[in-house]
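Welcome! Please take a moment to look over the chain below, and then we will walk through its features together.

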Amino acid sequence: MKKLLYILASCWVYMPNAQMVQSPLVALPFLEAYSRNSPSTLAFCVNPAALAAGKGLSASIYGERRFMLPELGSYKAALALGVGQGRFGFTAGRAGDLRYRETAAGLAYARTLGKTDLGLSFDYVHTGALGYEALPAVAAGLGAIFHIKETFRAGLQVANLGPSPAVELPLTMAFGLGYDASERLFAGCEVRKARDSPVDIRLACRYRFHQQAGASLGISTATASFLFGTAVWLPLCRLDVMAALHPRLGISPALMISFQNQRP
């Protein structure tokens, strides 16, 4: 019980008003939004413009357990498909337990205009606690990714725009960079700032040391966590096993499964 109270207090200090279902702790696959080499479908949750980089039908399922506590489990799924000159994306997520829970659903659209990818998203977040009235929140987001060079991309995002009926989500702004040194090596970083929260700097590096296997390392300054993971490319899907390590609160394991149909 003491550990849980300390974790909740830490979350209040580090990320006031942050939603667990919207802010995964293990951010390694999400920074692939700034990579040209087959980013995961969930990458458009970081920047909706990343949706334009995919082809055909794709889907991802993600789950994490913060600090190994069932009360802080978080799950998210995404589906993307091409329609005309653009792509649509759908997300759904859930976090917490019966005492405190968050559920979310989202819709996004993106398309490429020259050397710029533009994206728009809409999110609905429902927060409830045992014994209290549930509170809904609605917000919109905008994103852009610029193809500076074939191997270098930069992106901007503004999230949680607009008034909400009950709970106003914190306005969030982010700037990200991605560099594909080769087909095997990618390095990305993102600076993210939410209202009333400290600046979060995320760094990630992914190296595909084999045609069917790779490894990733990263850090997140807002939660003082070290990130690491490994990925395996199978005939029908990609499997990522990851974790975040906090020096005092311990490990937060995560798992992601991605499916990709490359046909447009």
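Which side chains meet in a salt bridge at 2.9 Å, N to O? They are those of Arg 99 and Asp 97. A salt bridge here is a side-chain nitrogen of Lys or Arg within 4 Å of a carboxyl oxygen of Asp or Glu.

## About the model

This is a predicted model, so local features need pLDDT of at least 70 and side-chain atom pairs count only at pLDDT 80 or more, while totals for chains, interfaces and linings use all residues. Residues are numbered from 1 along each chain as its sequence is written, and side-chain values use heavy atoms, with hydrogens and water left out.

## The chain as a whole

The chain contains 1 helix and 14 strands. Helices (H or I, at least four residues) and strands (E, at least two) are DSSP runs, numbered from the N terminus. Of the chain's 264 residues, 46% count as buried. Buried means under 20% relative accessible area, exposed means over 50%, and partly exposed lies in between (1.4 Å probe, protein chains only).

The accessible surface of the chain is about 12,900 Å², and carbon and sulfur atoms account for 68% of that surface. Such areas come from the Shrake-Rupley method with a 1.4 Å probe; for residues, only the protein chains shown count as cover. Now for contacts, meaning heavy atoms within 4.5 Å. Among contacts between residues at least 6 apart in sequence, 45% join residues at least 24 apart.

## Charged partners

Side chains of opposite charge can pair when their charged atoms come close. In this structure there are 12 salt bridges. One of them joins Arg 36 and Glu 150, whose closest N and O atoms are 3.2 Å apart. Arg 36 sits in the loop between helix H1 (2-14) and strand E1 (58-65), and Glu 150 in the loop between strand E6 (135-149) and strand E7 (152-161), so this pair ties together parts that are 114 residues apart in sequence. Arg 36 is partly exposed at 26% relative accessibility, whereas Glu 150 is exposed at 59%.

Back to the opening pair for a moment: Asp 97 is buried, with a relative accessible area of 19%. Another salt bridge forms between Asp 196 and Arg 195, with 3.9 Å between the closest N and O atoms. Asp 196 is exposed at 55% relative accessible area, and Arg 195 is partly exposed at 34%. Salt bridges also link Glu 32, Arg 206, Arg 238 and Asp 240 in a network.

How many aromatic pairs does the count come to? The count is 2. Rings of Phe, Tyr and Trp (its six-membered ring) pair if their centres lie within 6.5 Å; planes under 30 degrees apart count as stacked, over 60 as edge-to-face and the rest as tilted. Phe 88 and Tyr 109 make a tilted pair, with 4.8 Å centre to centre and 50° between the planes. This pair links distant parts of the chain, with Phe 88 in strand E3 (residues 86-96) and Tyr 109 in strand E4 (residues 100-113), 21 residues apart. Phe 88 is partly exposed, at 29% relative accessible area, and Tyr 109 is partly exposed, at 29%.

A charge can also sit over a ring, which requires NZ of Lys or CZ of Arg within 6 Å of the ring centre and within 35 degrees of the ring normal. Arg 208 lies over the face of Trp 233 in this way, 3.8 Å from the ring centre.

## Cysteines

The structure has 0 disulfides, a disulfide being a pair of cysteine sulfur atoms within 2.5 Å. Cys 45 is partly exposed at 27% relative accessible area, and Cys 205 is partly exposed at 34%.

## Two residues up close

Is Gly 178 buried or exposed? Gly 178 is buried, at 1% relative accessibility, and belongs to strand E8 (residues 172-180). Leaving aside neighbours within four places in sequence, Gly 178 has contacts that include Tyr 34, Thr 151, Phe 152 and Phe 186. Gly 178 and Phe 152 are 26 residues apart in sequence, with their C-alpha atoms 5.8 Å apart in space.

His 126 belongs to strand E5 (residues 116-129) and is partly exposed, at 26% relative accessibility. Not counting residues up to four places away in sequence, His 126 touches Arg 101, Glu 102, Thr 103, Ala 134, Leu 135 and Pro 136. From His 126 to Arg 94 the C-alpha to C-alpha distance is 9.4 Å, and the two are 32 residues apart in sequence.
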